[in-house]
Amino acid sequence: MVSDDFGIDLEEVRRVIEDSEVLIIRLETVGSRVLVDFRSTSTEPPYISRVPRVNSVEERIRAVKELRPAFPYPEKLMSFAWPRRVSVIGESGLWDVVRQRMESIGGEAAGEAASRVHRELLDEERREVVAAVRGGEGMRTIWQRE
């Protein structure tokens with residue numbers, strides 16, 4: 001069921017977060033993607049980071065392997081697009097699902113890493129909005145200062 005408040009199926013996205021081994025969150029309002037690798041060992045905690053966009057699934061899988069050389073290539077890479085603002089993924093409770101799963105696997109430090117990435121995304125989105133208003137690199141304003 002699609003949530004009227006958020007315009008997407010929150011339960012389906014929750015299932016993707018809970019069931020994935022390696023996850024890419026494709027945020028539409030920022031240039032970054034979020035890579036969440038829930039795999040862990042006694043010496044390798046789960047991993048979360050902002051990563052650049054890539055051109056193909058194969059390129060992403062290679063990038064995951066480079067970032068996580070202790071692990072085999074991911075057998076399955078899950079992904080979902082988030083068409084709303086970064087703050088809304090927090091308001092929806094979905095970021096808490098990511099953070100709690102990270103923490104349950106990797107302890108408090110992993111949960112803190114998820115919180116840090118969320119703050120970085122909020123900052124990135126804020127910079128994107130400012131650039132759009134000011135006509136920053138790659139953007140044009142529809143008005144001119146005199």
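## A walk through the chain from Serine 49

Serine 49 is buried, with a relative accessible area of 17%, where buried means under 20%, exposed over 50% and partly exposed in between (1.4 Å probe, protein chains only). It belongs to strand S3, residues 47-51. Its contacts (heavy atoms within 4.5 Å), leaving aside residues up to four places away in sequence, are Arg33, Val34, Leu35 and Val117.

This is a predicted model, in which local features need pLDDT of at least 70, side-chain atom pairs count only at pLDDT 80 or more, and totals for chains, interfaces and linings use all residues. Residues are numbered from 1 along each chain as its sequence is written, and side-chain values use heavy atoms, with hydrogens and water left out.

Stepping back, the chain has five helices and four strands, in the order α-β-β-β-α-β-α-α-α. Helices (H or I, at least four residues) and strands (E, at least two) are DSSP runs, numbered from the N terminus. Of the 146 residues, 36% count as buried.

Now to the nonpolar cores, which are sets of buried Ala, Val, Leu, Ile, Met, Phe, Trp, Tyr and Cys residues joined through side-chain atoms within 4.5 Å.

| Core | Residues in it | Some members |
|---|---|---|
| Largest | 28 residues | Ile17, Ile25, Val34, Ile48, Phe80, Trp82, Trp95 |
| Another, apart from it | five residues | Val22, Ile24, Leu35, Val64 |

The members named for the largest core are those with the most contacts inside it. One of them, Trp82, also touches Ile8, Leu10, Arg26 and Leu94, among others, not counting residues up to four places away in sequence.

What is buried in H4? The buried residues are Leu94, Trp95, Val97, Val98 and Met102. They cover an arc of only 160 degrees around the axis, so they sit on the same side of H4; the arc is that of the directions from the helix axis to the C-beta atoms. Just after H4, glycine 107 takes a positive phi of about 85 degrees.

Finally, the largest pocket holds about 170 Å³ of space. A pocket is an open set of points on a 1 Å grid over the protein atoms alone, where a 1.4 Å probe fits, with protein on both sides within 12 Å along at least five of seven lines; lining residues have an atom within 4 Å of a point. Its lining includes Ile24, Arg26, Arg53, Ser56 and Leu77, and S1, helix H2 (57-67) and S4 each supply at least two lining residues.

How values were computed:
Points joined across faces, edges and corners; volume = space filled by probe spheres on them.
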